[in-house]
Amino acid sequence: MYMNISIWFAVLKYFPKFRKWATPVGLAIVCLALGLGSFSTNIVHLVVTQGIIYSIGGGLAWTPVLFYIEEWWVRRRGFAYGATMAGLGLSGAILPVVLEWLLHSYGFRTTLRICALSFVALNFPVLFFFRPRLPLSQSSQSRSFDMSFWTCSNFIILQSANIIQSLGFFLPAIYLPSFARSIGASSVESTVTIVLLNGAAFIGCLCMGLAVDTYHVVNCLLISAIGSAAGVFLLWGFSTSLSPLYIFCLVYGAFAGCQSSAWSAVVRDTIKKRRGADSGMVWACLSAGRGVGNLCSGPLSEALLHAGHWNAGVAYGSGYGVLIAFTGATALLSGWGYVAKKIGWL
């Protein structure tokens, strides 16, 4: 879904009249994917419905945001993007608890059907308020693409930092529940790790959105990098009980989960150097960069888990040690744009 947003942006750029239909059509595809997934009888069915069809619909439904935010916000655009990305964190804090209860009470088939109906009930009423500010004639004068921003040092450096962070960013959300169970947590207690992680990301995204409207983006990304890396190395790495692990979830969620809220500032600074570039496409390419990191982190994390055990009495010796170290290293390196600015590359 991260990667197909750039494709959908190009489609909606060339066919602007389809923009108003993109979100309802995308939501319908998402609902269809959830409904079809409930009839799955093997893994292939789940990959097709939950992996492919769902992501196609989700990307299509979300892409018009790139057009509408650019039209509605100028001075506080960073906060607008921050609030948008914070919504992902808020839903991620609520859904795990709801889904855990539904799965245990009704099974995965009924849960998927309830999710499909909930998408209709909760999302479609919002469409009445989801509209552009400018008439179509003014917002679609040019259908050409200027991809010269790929030669801009500002974009290349910050995109590389984005990909590096993405290589490790998704790993805690994947492995925290199983790690929590390995130190004695119950099923509910292990789910709390994801709730705290996403709930803290909600706050972090809002703060990052406010910050990039005032301060240089590399300074904001450096704080995010140091905070998230410190959380990984000092809290997760030394966790032997739930209390420090829960504190880690809050720290990591707040500092690491907010980096996508800084993309608006990356776009802004890139557009200053490449005036002809389309800001929405720059943002979509940043999203694709995160998708690349996401795809690579799956098989990479499997290799890290089998890289060997460290002799330590804390989390570093639990079998997750290499994974924890890699997550912390990628988090820290994601702030290298600050160094690039200091040596004059930005």
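Phe 248 is buried, with a relative accessible area of 0%; buried means under 20% relative accessible area, exposed over 50%, and partly exposed in between (1.4 Å probe, protein chains only). The model is predicted, so local features need pLDDT of at least 70 and side-chain atom pairs count only at pLDDT 80 or more, while totals for chains, interfaces and linings use all residues. Residues are numbered from 1 along each chain as its sequence is written, and side-chain values use heavy atoms, with hydrogens and water left out.

**Aromatic rings**

- Phe 248 and Trp 236 form a stacked aromatic pair, with 5.3 Å centre to centre and 25° between the planes.
- Rings of Phe, Tyr and Trp (its six-membered ring) pair if their centres lie within 6.5 Å; planes under 30 degrees apart count as stacked, over 60 as edge-to-face and the rest as tilted.
- Trp 236 lies in helix 10 (residues 217–236) and Phe 248 in helix 11 (residues 242–256), so the pair ties together parts that are twelve residues apart in sequence.
- Helices are DSSP runs (H or I, at least four residues), numbered from the N terminus.
- Trp 236 is also buried, at a relative accessible area of 0%.
- The structure holds 21 aromatic pairs.
- One aromatic cluster is formed by Tyr 2, Phe 169, Phe 170, Tyr 175, Phe 179, Trp 236, Phe 248, Tyr 252 and Tyr 320.

**Charges over rings**

- The charged end of Arg 290 sits over the ring of Phe 169, at 4.5 Å from its centre.
- Arg 19 lies over the face of Phe 67, 4.0 Å from the ring centre.
- A charge sits over a ring if NZ of Lys or CZ of Arg is within 6 Å of the ring centre and within 35 degrees of the ring normal.

- Helix 7 (residues 153–169) has 17 residues and reaches 24 Å from its first C-alpha to its last, close to the 24 Å expected at 1.5 Å a residue.
- The expected span of a helix is 1.5 Å times one less than its number of residues.
- Phe 169 is one of the buried residues of helix 7, which also include Asn 154, Phe 155, Ile 157, Leu 158 and Gly 168.
- Helix 2 (residues 19–37) has 19 residues, and its first and last C-alpha atoms span 27 Å, close to the 27 Å expected at 1.5 Å a residue.
- Among the buried residues of helix 2 are Arg 19, Pro 24, Leu 27, Val 30, Cys 31 and Gly 37.

**Salt bridges**

- A search of the whole structure finds four salt bridges, a salt bridge being a side-chain nitrogen of Lys or Arg within 4 Å of a carboxyl oxygen of Asp or Glu.
- Asp 278 and Lys 13 meet through their side chains in a salt bridge (2.6 Å, N to O).
- That pair links distant parts of the chain, 265 residues apart: Asp 278 is in the loop between helix 12 (263–273) and helix 13, and Lys 13 is in helix 1 (residues 4–14).
- Asp 278 counts as buried at 18% relative accessibility, and Lys 13 is buried with a relative accessible area of 10%.
- Glu 70 and Arg 77 form a salt bridge, with the closest N and O atoms 2.9 Å apart.
- Arg 77 is partly exposed, at a relative accessible area of 22%.
- In the salt bridge of Arg 268 with Asp 269, the closest N and O atoms are 3.5 Å apart.
- Arg 268 is partly exposed, with a relative accessible area of 32%, whereas Asp 269 counts as buried at 12% relative accessibility.

**Nonpolar surface patch**

- Ile 43, Val 44, Leu 46, Val 47, Val 48, Ile 52, Ile 56, Leu 103 and Phe 108 make a nonpolar surface patch of about 750 Å².
- The elements that give two or more residues to the nonpolar patch are helix 3 (43–62) and helix 5 (77–123).
- Helix 3 supplies the largest share of the nonpolar patch, seven residues.
- Val 48 is found in helix 3 and counts as partly exposed at 36% relative accessibility.
- Patches are made of residues with over 30% relative accessible area and no salt bridge: like charges are joined within 9 Å, nonpolar side chains (Val, Leu, Ile, Met, Phe, Trp, Tyr) within 5 Å.

**Cysteines**

- Cys 296 is found in helix 13 (residues 279–305) and is partly exposed, with a relative accessible area of 38%.
- Cys 296 and Gly 168 are 128 residues apart in sequence and 9.5 Å apart in space, C-alpha to C-alpha.
- Cys 220 lies in helix 10 and is buried, with a relative accessible area of 8%.

Notes. Areas by Shrake-Rupley, 256 points an atom, 1.4 Å probe, with all protein chains shown as cover.
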